[in-house]
Amino acid sequence: MTKSLTCDVVVVGAGMVGAACALYAARAGLDVIVVDQGAVAGGTTGAGEGNLLVSDKEPGPELDLALLSGRLWADLAEEFGAAVEYEAKGGVVVADSPDGLAALERFADGQRAAGVLAAPVGERELYDLEPRLAPGLPGAVHYPQDTQVMPALAAAHLLRASGARLLTGRTVTGVPRTPDGAVRGVRTDHGDVLAPAVVNAAGVWGAGIAALAGIRLPVLPRRGFVLVTEPLPRLIRHKVYAADYVADVASDAAALQTSPVVEGTAAGPVLIGASRERVGLDRTFSLPVMRALAAGATRLFPFLAEVRATRAYLGFRPYMPDHLPVIGPDPRVPGLLHACGHEGAGIGLATGTGHLIARALTGNACAEGRGREVDLGPFRPDRFPAEHPPVKHPPADHPFADHPSVD
């Protein structure tokens with residue numbers, strides 16, 4: 001019989017959010033075990049672009065969390081150096097008409113009041129920032145706080161720095177409870193991990209982990225593709241996207257949506273997105289989506305029409321009905337905390353999420369969270385009405401049906 005392990009807190013999920021929760025919990029003095037059915041960053045984290053954005057967030061709790069996370073990421077970048085490929089390249093959101101530019105500038109006005117650096121960019125200055133953009137664009141807004149990391153590397157470094165015990169290849173099969181209803185760890189197919197606190201950082205599979213604890217959490221997968229070009233010299237200097245990307249992020253639509261998002265990387269390839277659609281966990285390659293991504297990218301940067309695409313990949317964003325992640329203690333189950341549902345912003349919001357989880361676990365603000373604290377209230381796990389449409393789980397024979405880590 002496999003011997004049970006014990007710790008102060010068990011984190012389910014070894015993606016970026018789980019790694020950040022482990023790091024800040026460990027730095028708050030807790031003994032942490034991280035459990036994952038797959039590999040580190042084997043789910044959504046490994047399929048992400050690594051963006052740490054404020055440009056796509058309207059004033060409110062998610063933007064507050066993004067600003068906190070940005071400060072924490074900057075600290076970690078100093079600590080880890082080039083190992084996580086942190087790049088403060090900034091973002092440029094481009095308008096295609098004067099009316100569109102006016103709308104972008106109004107949006108930026110509200111963001112600036114919340115602490116975002118957002119500079120209006122006229123036509124001449126736009127082409128100084130990005131000389132290879134399509135001609136005739138009226139202007140943009142420049143966001144110097146937008147940054148990027150290499151997500152798989154960053155998750156691995158955060159886990160290593162945490163000193164947490166890492167148990168990969170272990171599927172969580174239950175969340176045992178005490179007679180008074182509190183969690184007492186997790187049950188896996190390789191034995192129990194006993195702890196008075198469980199952090200659900202399972203991304204798209206957060207609903208499944210919550211269900212094992214007897215509660216309902218409406219996390220749904222939202223599929224997205226990324227098109228990758230051959231390595232190039234640094235011809236695109238920022239993360240560049242069209243203004244309609246912001247509307248797509250905030251949309252509730254299940255149908256396919258695409259909006260051009262283009263950025264260079266330190267390694268040379270250009271990453272092209274973005275697509276969003278709710279199709280369950282269907283991993284079918286979609287040529288129409290590839291064509292739409294390529295068309296959008298060449299509208300922004302015509303030179304890309306002569307560049308070869310070498311591969312494409314997809315991932316599933318953990319989507320919540322109100323577009324806010326679920327973070328903090330679940331009042332329905334003592335000892336259960338959630339850190340999931342970040343949709344496409346999990347890489348950027350991971351550090352702030354980990355800080356807030358550590359604060360909830362210990363009752364103290366961590367030293368790393370200097371500056372304005374973020375209220376957990378808007379992220380409450382029990383904020384959804386009971387009559388919300390049920391979460392649809394994949395069939396038992398789906399290749400990812402027992403995969404509890406994709407954030």
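Which strands does helix H8 (residues 287–300) lie across? Helix H8 lies across S5, S14 (220–229), S15, S16 (257–264), S17 (270–276) and S18. The helix runs at about 55° to S16. Angles run from 0 to 180 degrees between N-to-C directions, with axes fitted to C-alpha atoms, for helices over the stretch in contact. Helices (H or I, at least four residues) and strands (E, at least two) are DSSP runs, numbered from the N terminus.

The model is predicted; local features need pLDDT of at least 70, side-chain atom pairs count only at pLDDT 80 or more, and totals for chains, interfaces and linings use all residues. Residues are numbered from 1 along each chain as its sequence is written, and side-chain values use heavy atoms, without hydrogens and water.

Eight strands form an open sheet with mixed pairing, in the order S6-S7-S5-S15-S16-S17-S14-S18. Two strands pair if DSSP finds at least two bridges between them. Strands S6 (119–122) and S18 (309–319) stand at the edges. Each has a single partner strand, so one side of each lacks a neighbour in the sheet. The twist averages 25° from one strand to the next.

Strands S5 (residues 91–95) and S15 (residues 239–242) run parallel, joined by four bridges. Val92 stands opposite Val240 in S15. Helix H3 (residues 98–113) packs on the sheet and touches S5, S6 and S7 (139–143); contact means heavy atoms within 4.5 Å. The direction of H3 makes about 20° with that of S7.

Thr45 sits in the loop between S3 (32–36) and S4 (51–52). Thr45 counts as buried, at 1% relative accessibility (buried: under 20% relative accessible area, 1.4 Å probe, protein chains only). A polar atom of the Thr45 side chain lies 2.8 Å from the backbone nitrogen of Met16.

How values were computed. Buried means under 20% relative accessible area, exposed over 50%, partly exposed in between (1.4 Å probe, protein chains only). A polar contact is a pair of N or O atoms within 3.5 Å; within protein, one must be able to donate a hydrogen and the other to accept it, and residues adjacent in sequence count only if both atoms are side-chain atoms.
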